[in-house]
Structure formats: structure tokens, C-alpha cells
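Here is a colleague's note to read with the sequence and the model side by side. Please find each residue as it is named.

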Amino acid sequence: MVRANGAVSLRELARVVQTSEVTVRRDVRALEAEGLLDRRHGGAVLPGGLSREPGYPQKTHLAAAEKSAIADLAASMVAEGDAIVVGAGTTTQELARRLARVPGLTVVTNSLLVAQVLAHANRVEVVMTGGTLRGSNYALVGSGAEQSLQGLRVSRAFVSGSGLTAERGLSTTNMLSASVDRALVAAAAEVVVLADHGKLGSDTMFQTVATEGIAYLVTDETATATEPGVRELDALADRGVQVCVAPAAQSGAGALPLVVMPSVPGAPVGGAGLRGPFPAQRRSPAPAPALRGRAGTA
């Protein structure tokens, strides 16, 4: 499965071989010791995965439920009349499906998939960058895309990537994609990273956003299920990132995420952390706060 898809989650492996994730994790550890694959938080990739990226069809099946929960939570950060940037990726595509219901929204994107989702949305204006089409993820890249973003300013950028660590921030496996993503986040007052548990703790080749440039991380509950995941989330929170954990199943429209506030260094992620209203659930317009670091710097 890893050879066919480039990456696979432990949950999917356990389902296919009909065993527990504990057993799969042990077997994956043994295969890594033999040099047959590389472990990543929540899954496994082919050796040398630092520069390899699974194709779009494969990525749509990876952590699908988690991406849906992340998209639900991220959509609550967007209010009527906002102007935002949405980058390319399967998680941002899920977010776009929720944004189609937000009236008066302006979405700037380099993703054909995001634009397609929003094409017939009522009262949602879609602004696409120029550029050259990258077929593996249906995104526009290159100097044309970057130049079209010059002089643009929006409230928030919602971006994903291939890996996220506290030490290096958000990264991706493709140089052209990284360059355009840096231009996207540079146009926003705040950066929101959407990253499922499989990307947490994974470091890939090209940096997109330094940790200091990330205002919020929206991730899924599985990220809090292991000690390495909790350590990574705590490290991100210690560096000023507000970590928002999307529950596996929303109990209703008023369900609140778990938020680890940067003002409480080392606050536990799984259960005893702070719980309170998501900052962006305010529907009254307010100026977006400044970033803690310059977005888009490499």
C-alpha cells in the first residue's frame, strides 16, 4: 500500500489487514529498521519521503474523516463579507465546500479544485491567480501566480502542506508550490494552517511558513492521542501558535474546540487544556491582529 500510494495512515493499514493500530505500529517500526519505509506521525511513507509527494487521488483517501473535521472547524473562522486566501490541497478543498455557504465572501486561490467547488456558490466571489498548472495537485504555480498576488491584502490565509514541525514550521515537497504558498500567506494579516495528524512532526524539503508566522493551527483529535503528537503541539503552542483541535464528531453547531493558548506554556493538549470560544466565532467585524512573525519568509 505504501509503494502504491506513497503514504498511508496507520488507521488505514489496520483496517486493511484487520488488526489493531498497536500491532501495525509495531510492524511499521520493524519495517523502518530494515530500511523499507519511513515512519511519520500517524502513518508511513516510502524511504526518502522528504522529497516525494503522493498524487491527488491518493491524498483524497488519506485521513478523510480528520480533514472533514478540520474543515468544519476552520470554516467557523470565516464570517460574512470576509476576504480570504485559500491555498491548494485536499484539506482546503474540504474547507471550500463549507465556505460555499458564507454569503458576501471573497476567496483568492491558486487551486482549480477550490475554485470549482465555489464556482456556483451564491454571493461568493472567486479570484484566481495566474500561473502554470501543476497537474499533480491542480494548482497554479510559477511567476505568473506570484506576481498576481502582489499588492493584495486579505484578513486570513488558509493553507496546508506536506509537513509541520515546531522547529521549522510548515513545509512542502515541491519548490514551485512552496514559492506560491509563501506569496499567498504574505498577502494575509493572519495565517491559519490546516494540518491533520499525519503531517504533524513531519519535515519536508521546502519551507512555506516559519513557525513564528503561523497564528493558528487547526488539527484533528488523533494528533493528541500519542506522546510525540502532544509534544509537538505543546512545542508549537510555546512558540506562539494557537492550537485548535477539531473533535472527531461534532455534537452540534455550538460545539467548541480545544484551544491550547500560547499564554499557558506546556498546557496539556488532551483534556485539561483551556476550553473557550474560538476567537473567530465572533461575527462582528473586527480588525485582524498582526502576525507574530513575518509570514512567508523562508
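**Notes on the predicted model**

1. Alanine 189 is buried, since its relative accessible area is 13%, and here buried means under 20% relative accessible area, exposed means over 50%, and partly exposed lies in between, with a 1.4 Å probe and protein chains only. This alanine belongs to strand β12, where helices (H or I, at least four residues) and strands (E, at least two) are DSSP runs numbered from the N terminus. The C-alpha atoms of alanine 189 and arginine 156 are separated by 5.7 Å, although the two residues are 33 residues apart along the chain.

2. A word on how to read the values: this is a predicted model, in which local features need pLDDT of at least 70 and side-chain atom pairs count only at pLDDT 80 or more, while totals for chains, interfaces and linings use all residues. Residues are numbered from 1 along each chain as its sequence is written, and side-chain values use heavy atoms, with hydrogens and water left out.

3. Which residues touch the most other members of the largest nonpolar core? Of its 30 residues, they are Leu164, Val193, Leu200, Leu217, Leu233, Leu236 and Val243, a nonpolar core being a set of buried Ala, Val, Leu, Ile, Met, Phe, Trp, Tyr and Cys residues joined through side-chain atoms within 4.5 Å. Two or more residues of this core are given by each of β9 (154–159), α9 (175–186), β12 (188–194), α10 (227–238) and β15 (242–246), and the largest share, four residues, comes from α9. A second, separate core has 28 residues, including Ala71, Val86, Val107 and Ala121.

4. Strand β5 (residues 105–109) has four of its five residues buried, so this strand is largely enclosed by the rest of the structure. Strand β4 (residues 83–86) pairs with β5 in the parallel sense over four bridges, where two strands pair if DSSP finds at least two bridges between them, and valine 85 stands opposite valine 108 in β5. Strand β6 (residues 124–128) also pairs with β5 in the parallel sense, over five bridges, and the bridge partner of valine 107 in β6 is valine 126.

5. The chain crosses from β5 through helix α7 (residues 112–118) to β6 in a right-handed β-α-β crossover, and β4, helix α6 (residues 90–99) and β5 likewise make a right-handed β-α-β unit. Right-handed is used here when, with the strands pointing away from the viewer, the path from the first strand over the helix to the second runs clockwise. Helix α6 is mostly covered, with nine of its ten residues buried, among them Thr90, Leu95 and Arg98.

6. The buried residues of α5 include Glu66, Lys67, Ile70 and Leu73.

7. Aspartate 196 sits in the loop between β12 and β13 (206–209) and is buried, with a relative accessible area of 6%. The side chain of aspartate 196 reaches the backbone nitrogen of glycine 198 at 2.8 Å.

Note on methods: A polar contact is a pair of N or O atoms within 3.5 Å; within protein, one must be able to donate a hydrogen and the other to accept it, and residues adjacent in sequence count only if both atoms are side-chain atoms.
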